[in-house]
Amino acid sequence: MKLAPTALLALLIFLPRPAAALPVYKAMFEAKYKYPVNCMLCHRRDTLDLVAYGRAFHERANSFKAFEAIEDLDSDRDGASNLSEINAKSDPSDETSFPGRLGRWLNGVSALQAPSAQLRKLFPDAGHFEAQSGAKLDEETVRRIEQTLGGSLRDEDLYSVYYLAFGKDNAALGSALYCVTQGQTPYIFLLGLRSSGRIAGLLRIKAPAKRKFLRQFHGISWQDLDRIEAIPRHFQAGARRITEAVRRGALILAARTGAPLLDGDPAEPR
Ligand SMILES: [Ca+2]
């Protein structure tokens with residue numbers, strides 16, 4: 001079964017293990033090994049389940065260090081270590097692809113696509129969207145974000161894949177990124193941030209959150225996140241995790257796009 005890249009991307013985010021299915025991990029691989037790959041490095045083409053290399057990466061918490069930790073493994077048991085396969089550009093998840101016989105796994109690698117249908121729900125007035133794969137955030141920006149956040153950024157925060165929304169007159173409307181909560185069962189949302197620094201909205205991708213809870217995020221400022229309430233009341237732990245992920249995601253978007261998130265202390269544009 002062959003899927004168009006946009007259809008594939010849309011499907012990937014509905015995987016049973018959602019944290020392992022976001023385009024940021026592809027961007028991290030490309031930052032580490034300096035060549036473009038497609039989602040099939042970690043996922044089956046038909047079911048999109050994790051394959052050998054993707055499973056090994058996922059089991060080590062999807063961090064940047066995880067790439068090095070699995071370099072000496074031979075995930076697909078074809079006699080070549082993952083690193084020797086990556087260096088030779090053969091597929092570390094396919095035993096029929098190995099150094100000297102690469103196969104066709106890198107054919108048809110395409111640029112990142114913006115999930116336009118989802119983005120349009122956050123920016124209904126947009127004319128078009130662009131996908132961006134950000135270079136690693138520099139140390140000074142990371143320090144400022146962590147200071148404001150009162151917590152540490154994860155590797156996937158440093159290599160964010162994000163999207164820009166433009167009006168029909170090509171004026172910048174805002175930006176968006178997938179935000180993933182911390183913890184064993186991650187929730188996934190698409191967070192939109194208007195160029196003004198206000199939150200455009202929070203679109204549920206995979207999470208138990210109620211619509212009434214999510215509506216609270218629409219149009220508010222970063223400082224207003226303190227006032228988000230658990231709806232229903234017993235959703236307190238979930239509400240906390242989601243609000244924390246939104247805080248983090250909005251700061252990253254502001255740093256990437258220069259949105260004036262914090263009055264008097266704007267994150268520097270990148
Ligand atoms: Ca192989």
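How many contacts beyond four places in sequence does the model have for residues 263-270? The model has 17 such contacts there, and pLDDT stays under 50 over this stretch. Here pLDDT is the predictor's confidence in each residue, from 0 to 100. A contact means two C-beta atoms, placed from the backbone, within 7 Å.

## Model and confidence

This is a predicted model; local features need pLDDT of at least 70, side-chain atom pairs count only at pLDDT 80 or more, and totals for chains, interfaces and linings use all residues. Residues are numbered from 1 along each chain as its sequence is written.

The chain averages a pLDDT of 86, and 89% of the residues score at least 70. Residues 1-21 stay under 50 in pLDDT, with 39 contacts beyond four places in sequence. Among the elements, helix α1 (residues 5-12) has the lowest mean pLDDT, 45. Helix α5 (residues 82-88) has the highest, 97. Helices (H or I, at least four residues) and strands (E, at least two) are DSSP runs, numbered from the N terminus.

## The largest nonpolar core

The largest nonpolar core has 59 residues. Such a core is a set of buried Ala, Val, Leu, Ile, Met, Phe, Trp, Tyr and Cys residues joined through C-beta atoms within 7 Å. Those with the most contacts inside this core are Y163, A176, L177, L191, L193 and A250. Elements that each supply at least two residues include α2 (23-33), β3 (172-180), β4 (188-194) and α10 (236-257). α10 gives the most, with nine residues. Domain 1 (5-88) and domain 2 (116-257) each provide at least three residues; these bounds come from an automatic or database domain assignment.

L191 is in contact with A176, L177, C179, L202, V246, G249 and A250, leaving aside neighbours within four places in sequence.

## Helix α10

α10 has 22 residues, so at 1.5 Å a residue it should span 32 Å. The expected span is 1.5 Å times one less than the number of residues. Its end C-alpha atoms are 31 Å apart, which agrees. G258 follows α10 and has a positive phi, near 80°.

P23, V24, Y25, K26, A27, M28 and F29 of α2 are buried. Buried means 20 or more other C-beta atoms within 10 Å of the residue's own, exposed 12 or fewer, and partly exposed in between, with C-beta atoms placed from the backbone. Just after α2, K34 takes a positive phi of about 65°.

V37 sits in the loop between α2 and α3. V37 is partly exposed because 17 other C-beta atoms lie within 10 Å. Not counting residues up to four places away in sequence, V37 touches K26, F29, E30, L106 and V109. The C-alpha atoms of V37 and L106 are separated by 6.3 Å, although the two are 69 residues apart along the chain.
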